[in-house]
Amino acid sequence: MNPIHEMNEKKKLIITTALKLFSAKGSVATSMQEIAELCGMSKGSLYLMFKSKEELEASTMEYCLYTLMDEMSQIEHEAGLTSRERLHKQIETLLVHVSELKEFLRVQLRSIMMDDEQHPSSKCNPQHRDMEIRTLHWFKDKLEDLYGPEIELYTVDLILLTHGLFLSYVKIWFTEMPSLTVSKMASNLLQTIDYAAYGLLDQRPAPLIPLENWPAWTSDSITDSTMMRHPIHIIKQMQDIVTTDLTAGQFRNDALETIAILKQEMMEFTPRRAIILGMMHNLENIPAIESLHSELQHILDAMYSRFIQADSSHK
């Protein structure tokens, strides 16, 4: 087996094992020795891959977010759903993930809040900032799908309302009313957003915080809504177009083989940059997929930019 691929598989095993333990009894009660034993390796080997428990926790959190974004993206491109049904399903998906990971997330959220209070500069973390920007643009698009472009004026007001309601629902669900269902909470949340949105559009008050004054909106980071699209969906679209639009022959076969390699590499836990860049180069100058190629390249550039920033911050 390729040694890089083998290392990636080991990292994935460690992270998924840690996630199960963190979710079952919390990260504080989980030792690195316990994780190592369940993974069938020594504690020393574990520390070769993750320098500390804190680094493993951060990688586990990133894995959770990646998994959630992948599921949200799949729902985004699911056929036969109205805008409301799609958002309802995405809220349900988010609630299910929160429920499954509640012990782990409780510790992580407390840690994030403490960092924000004790070290305000931590809010400049590129990954946290990128997630905030993505969420803002995603939510803004959702609001406009449901209520039209005029709702843009109240984007931040509705974000604050939704954020507060969601956290309150989760707290009550975990501590006082476990009988609440995911579907009922999602429906109630959407209904409350409806009341607020239609009321704002009817009364037209001045927004508490105009969108142009919200820091995440004015950020210089890449913020277009395509960032919410998972690369695998773009690659699948490329594959469909090449299969149907290109004339049968060696050129089409080569393109399909390149796309297959690219797709397989992107599905790895830690995709190899050299292979991805090589396959992307091979797919240049194919008019039928030119726009998709540009979109995917845009996302990959942003991904690698964040990795470089993260690596630099650890040196």
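Select helix α8 (residues 155-175) together with helix α9 (residues 182-203); the crossing of α8 and α9 is right-handed, that is, the near helix is turned clockwise from the far one by less than a right angle. Helices here are DSSP runs of H or I with at least four residues, numbered from the N terminus. This is a predicted model, in which local features need pLDDT of at least 70 and side-chain atom pairs count only at pLDDT 80 or more, whereas totals for chains, interfaces and linings use all residues. Residues are numbered from 1 along each chain as its sequence is written, and side-chain values use heavy atoms, with hydrogens and water left out.

Remain with this pair of helices. The axes of α8 and α9 come within 11 Å and cross at roughly 155 degrees, where axes are lines fitted to C-alpha atoms over the stretch in contact and angles run from 0 to 180 degrees between N-to-C directions. The two helices are therefore roughly antiparallel to each other, a term for angles over 145 degrees.

Next, display the side chains between them. On the α8 side, select L158, L161, T162, L165, F166, Y169 and W173. These meet V182, M185, N188, L189, T192, I193, A196, A197 and L200 in α9, contact being heavy atoms within 4.5 Å. By class, this contact has 13 nonpolar, three polar and no charged residues.

Proceed to R204, in the loop between α9 and α10 (231-245). R204 has a positive phi of about 55 degrees although it is not a glycine. Most residues other than glycine have a negative phi. With a relative accessibility of 43%, R204 counts as partly exposed; buried means under 20% relative accessible area, exposed over 50%, and partly exposed in between (1.4 Å probe, protein chains only).

A second residue of this kind is N285, whose phi is positive at about 65 degrees although N285 is not a glycine. Select N285 in the loop between α12 (273-282) and α13 (290-314). N285 is exposed, with a relative accessible area of 75%.

Now turn to helix α5 (residues 83-100), which has 18 residues. At 1.5 Å a residue, α5 should span 26 Å, and its end C-alpha atoms are 26 Å apart, which agrees; the expected span is 1.5 Å times one less than the number of residues. The buried residues of α5 are R86, L87, H88, Q90, I91, T93, L95, H97 and V98.

Finally, select Q33 in helix α2 (residues 32-38). Q33 is partly exposed at 34% relative accessibility. Q33 and K43 lie ten residues apart in sequence and 5.5 Å apart in space, C-alpha to C-alpha.

Definitions and conventions
Angles under 35 degrees count as roughly parallel, over 145 as roughly antiparallel, 65 to 115 as roughly perpendicular and the rest as oblique. Ala, Val, Leu, Ile, Met, Phe, Trp, Tyr, Cys and Pro count as nonpolar, Asp, Glu, Lys and Arg as charged, and the others, Gly among them, as polar.
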